[in-house]
Amino acid sequence: MSDPSSTGQDLGRGRRRGATRRMFLRGAGVSMALPWLESVPAWGRTPAGAAVAPPKRFAALFMGCGVNPENWWAKGSGATMELGRCLESLAPLRSKINVVNGLFNKHALGVGIHPGQTGNILSGAALQRGAELKGGISVDQMLAMHLGEETDQPSMVLGCEQPITGYHETNFSMAYSSHISWQSATSPVPMEVYPSLAFDALFDNRGSKRNRSILDRVREEAAGLERKVSAADRAKLDEYLTSVREVERRVVPMRKDKAAGDARAEGAGRPTLTMPRPANGLPEDIREHMKLMCDLLALGFQTDRTRIATLLLCRDISGLFYPFLSVSSAHHGASHDDHSEGYLRVTQLYVGQLAYLASRLEAMREGTGTVLDNTCLMFTNSMWSGSKHDASKVPLVLAGGLGGTLQTGRVLDYATKGDDHRKLCSLYLGLMDRMGVKLERFGDADSRLEGL
């Protein structure tokens, strides 16, 4: 077991500056961060006996092309909150969510459909048409810029669908349709869509032994740690290692699929990202793909490997298919019939990913609460209605209390508040405040969202 008191190198950049209860198990070509363990003394410059507050975290989950509008609603509060059919999978988490209605992204209006409504969903910046990309840094990367030194990975940028290239009929680059995380006005953050590569990055899994189980490689250190921690922490550690084993079991075959996809692409003389699914090595079943990416994000938050993440569940103008939902059209085509029962099932599938991830975090004990209590998960979409390409408001749900700074169990309605009081970027300013990043302005907003 690595002892952070013996060497600063084991702590990572941010851990040299403050206190942590985080530990690592290390083996040949692997570094496994561990969850918050109560019986491990806090390391760093903290007064003796002082409590160490768990970190705050933020993740944005994105679905493109709108929702089923007539069934997206909520009313009431707390445990008695009523949820429309789109949101019913969130029922067990009523007291831990906020359903936010009426917010909009000013620079997504009047620019035509699709890319111009999507590329700035997390930045609120005006987008430039033509060959040169120009928008703005996204809220996740602004947080990573200020907080990223506290963790080994400044942020996780995950996706379940490959980006596409070229230009839309509106003369916006399709890069705007394919990326929600932007590190600068001109550069999207490279998105990891392969679960096996995301898994390897999360556990620093590398070298010639990469295909050997990471748990086998840290077995000795794990046994040593179990002898030193409390019974409660032993149970937490066992639960965590079991979870890692389950994720690894599902990921290993996908490593071979990725290699096969690369080989097929090379044989065809084309980049892998231009190959169709599953020839490109991505999971054929999008349900398993989404669940795995949610599991990896959850592990990243639980172990404090990162505190900032985005997960693009599907891109704008998505080509994903849902035969298991009895929907014959691809996502984009199905969204043009967004009042149908079929597109209701599609919307429910995506909201179900938020419910799954939030439930995973809620099951992870941390301090006096859960990882979800110290997190804000934001689920949103680039538009309200796919049939009308209506971005005058966006569907949005928040889950988690962000360390007690964000009241939950509410329905917040800004639809009639006036445009100056319903800006998405005002929400982002308020969330960044709660994470200790205070800006005078972000995107098109210079004030915080009232009532948040």
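The secondary structure of the protein chain comprises 12 helices and 13 strands; helices (H or I, at least four residues) and strands (E, at least two) are DSSP runs, numbered from the N terminus. The model is predicted, so that local features need pLDDT of at least 70 and side-chain atom pairs count only at pLDDT 80 or more, while totals for chains, interfaces and linings use all residues. Residues are numbered from 1 along each chain as its sequence is written, and side-chain values use heavy atoms, with hydrogens and water left out.

**The whole chain**

Begin with the C-alpha trace, which spans about 60 × 55 × 40 Å along its principal axes. For 452 residues, a compact globule would have a radius of gyration near 22 Å, and the 22 Å of the protein chain agrees with this. That radius is taken over C-alpha atoms, and the globule rule is 2.2 Å times the number of residues to the power 0.38. Of the 452 residues, 59% count as buried; buried means under 20% relative accessible area, exposed over 50%, and partly exposed in between (1.4 Å probe, protein chains only).

**The nonpolar cores**

Next, select M32, L87, L90, F203, Y350 and L377, the residues with the most contacts inside the largest nonpolar core, which has 80 residues. Such a core is a set of buried Ala, Val, Leu, Ile, Met, Phe, Trp, Tyr and Cys residues joined through side-chain atoms within 4.5 Å. Now colour helix α11 (residues 341-362), which gives the most to this core, with 11 residues. Centre the view on L90: leaving aside its neighbours within four places in sequence, L90 is in contact (heavy atoms within 4.5 Å) with L83, I97, V351, L354, A355 and V397.

**Helix α3**

Is helix α3 mostly covered or uncovered? Select residues 139-147: helix α3 is mostly covered, with 7 of its 9 residues buried. The buried residues are V139, D140, Q141, M142, L143, A144 and L147.

**The loop at D285**

Finally, move to D285, in the loop between α8 (231-268) and α9 (286-302). D285 is partly exposed, with a relative accessible area of 32%. Select F324 as well: D285 and F324 are 39 residues apart in sequence and 9.2 Å apart in space, C-alpha to C-alpha.
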